[in-house]
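Here is a friendly walk through two parts of one protein model. Have the sequence and the 3D view ready as you read.

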Amino acid sequence: MKSGNRFSSGYTFHPTTFNSPSGEGSNQGGHGPGNNQSSGSDNPEEIKDDEGEKNTFPNNTKEEELLVDTCPVCNMDVETTKFYSQYNGKTFFFCSDGCLQKFISNPGNFFGNHNFDLIIVGGGPAGLTAAVYASISKIDTFFIAKDIGGQAIDSTKIKNYMGFDFISGKMLVDKFKEQFLENHYLAHKLDDVIHIEKQNNSFKITTKSNETFLSKAVIIATGMKKRKLGIEGEERLQRKGIFYKLVQDISLLEGKDIVVIGGGNSSIQTANELLNNHCKVTIVTKGKMIADKTDVDRIKQRQNIRIIEEHDVMEIWGDEKVEGVSVRPEKDINRPPKSIPCDGVFIQVGFLPNTEFCKEVVDLNEKGEIVINNDCSTATEGVFACGDVTNNYGKRIVIASGEGAKAVLRTRQFLKEKKTTKIL
Ligand SMILES: Cc1cc2nc3c(=O)[nH]c(=O)nc-3n(C[C@H](O)[C@H](O)[C@H](O)COP(=O)(O)OP(=O)(O)OC[C@H]3O[C@@H](n4cnc5c(N)ncnc54)[C@H](O)[C@@H]3O)c2cc1C
């Protein structure tokens, strides 16, 4: 079910509210807290949501329609039926009690006057940690991200995050998300920031959906995106067998011949997943493999794997879909390229920092990373940055999270010094 037009001016809003598990849901529909009754239905039927919480739904709503929805406040995918409200004969589902309350209390203007003390941009480990810290610090904050999870969600096996011997990226991000949405809610929106500019003593942030927000401080935590190879065939065969990260339903590639380009840890993770799905895998890399040596040694022991080092991939070829790649030894550029037929290509050749939108307010180094000081401050007073998007050493989840926390502690200090903050 997709929520369409939500509000029209002059409409009398009769919210029907449902409670959070703590029973603290709003009561504007005339029911007491803890009473999970819908005023929008005479004959509600009771079902359990996926976390076992008891909820009541109007009996005209099909259960299967409730499984995935989009939160009308923040655009986030909603996979839980915990928080919902009826409006204009429709049932809306929310990512959190916080967004439900925004829907009820301020229809049509969820984010007030769009003027905050702090705006955090980016929803990976750095941004999410910053969000939780900002919430705990009671800073008047707005959080904007293209997605929740960032690169971490692509990691099939995280073996180096404290507290867990092993956890998948998806599971870790779910935990971050729960902490953010359920325990330390902040006003937030899924959107793409396209521009940040300084205006007197504040920053104007513009999003792809053409909204603008003002803030006294900004934390940039926009991480990195996959680098493209820029070779013949790469653009033409997009979505025809070229991948930049693991596909959700990897079983679709079962038994296929796949070339993985790149020699780092991401390539090894991808190759392992493909081998688990009975693919024949060829890794091609410039120079030597740079992934952790133990992982390289381990994958070499598996069947159906071939590693070609010190080769350039010159072209991806195929008519309607990928049919192969051409490779050539790095040190023998006069040799004619050799063909490797395949059904698909995973390109894992590193990352580029996401900084296009903030170039006016930060300094970048030669890699395009935001140059920060020890305290996450940047070239512009009031602009802070953290995580993989910065020149800080070490691209790891635990480091990005730590930096997110540090950036908020420093921002809080900055806002206090400026004596402009509303709460502190
Ligand atoms: C396949 C893979 C496996 C990995 N495995 C591990 C591992 O096992 N252990 C480990 O410690 N690390 C691992 N890493 C690295 C780790 O994921 C990163 O170091 C970490 O995610 C960085 O966090 P971040 O928040 O700085 O950036 P990111 O995770 O890159 O998040 C950036 C966020 O900003 C958002 N964003 C970007 N541009 C904009 C914009 N203009 N407007 C709004 N939002 C924007 C993105 O959508 C995203 O939400 C792995 C990475 C990959 C790709």
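This is a predicted model: local features need pLDDT of at least 70, side-chain atom pairs count only at pLDDT 80 or more; totals for chains, interfaces and linings use all residues.

## Strands β10 and β11

Let us begin with β10, which spans residues 193-199, and β11, which spans residues 202-207. These two strands run antiparallel and are joined by 6 bridges. For a landmark, look at His195, whose bridge partner in β11 is Thr206.

## On to β12

β11 also pairs with β12 (residues 212-220), again in the antiparallel sense, through 4 bridges. Here Ile205 sits opposite Phe213 of β12.

β11 and β12 form a hairpin too, with 4 residues between the strands. The turn includes Asn210, whose phi is positive at about 65 degrees.

## Helices α2 and α6

How do the axes of α2 and α6 cross, and at roughly what angle? Helix α2 covers residues 125-136 and helix α6 covers residues 397-418; their axes come within 7 Å and cross at roughly 35 degrees. The crossing is right-handed.

On the α2 side, the contact is made by Pro125, Ala126, Gly127, Thr129, Ala130, Tyr133 and Ala134. From α6 come Ile397, Ala400, Ser401, Glu403, Gly404, Ala405, Ala407 and Val408. By class, the residues of this contact comprise 10 nonpolar, 4 polar and 1 charged.

Conventions: Residues are numbered from 1 along each chain as its sequence is written. Two strands pair if DSSP finds at least two bridges between them. Axes are lines fitted to C-alpha atoms, for helices over the stretch in contact, and angles run from 0 to 180 degrees between N-to-C directions. A crossing is left-handed if the near helix is turned anticlockwise from the far one by less than a right angle, and right-handed if clockwise. Two residues are in contact if their C-beta atoms, placed from the backbone, lie within 7 Å. Ala, Val, Leu, Ile, Met, Phe, Trp, Tyr, Cys and Pro count as nonpolar, Asp, Glu, Lys and Arg as charged, and the others, Gly among them, as polar.
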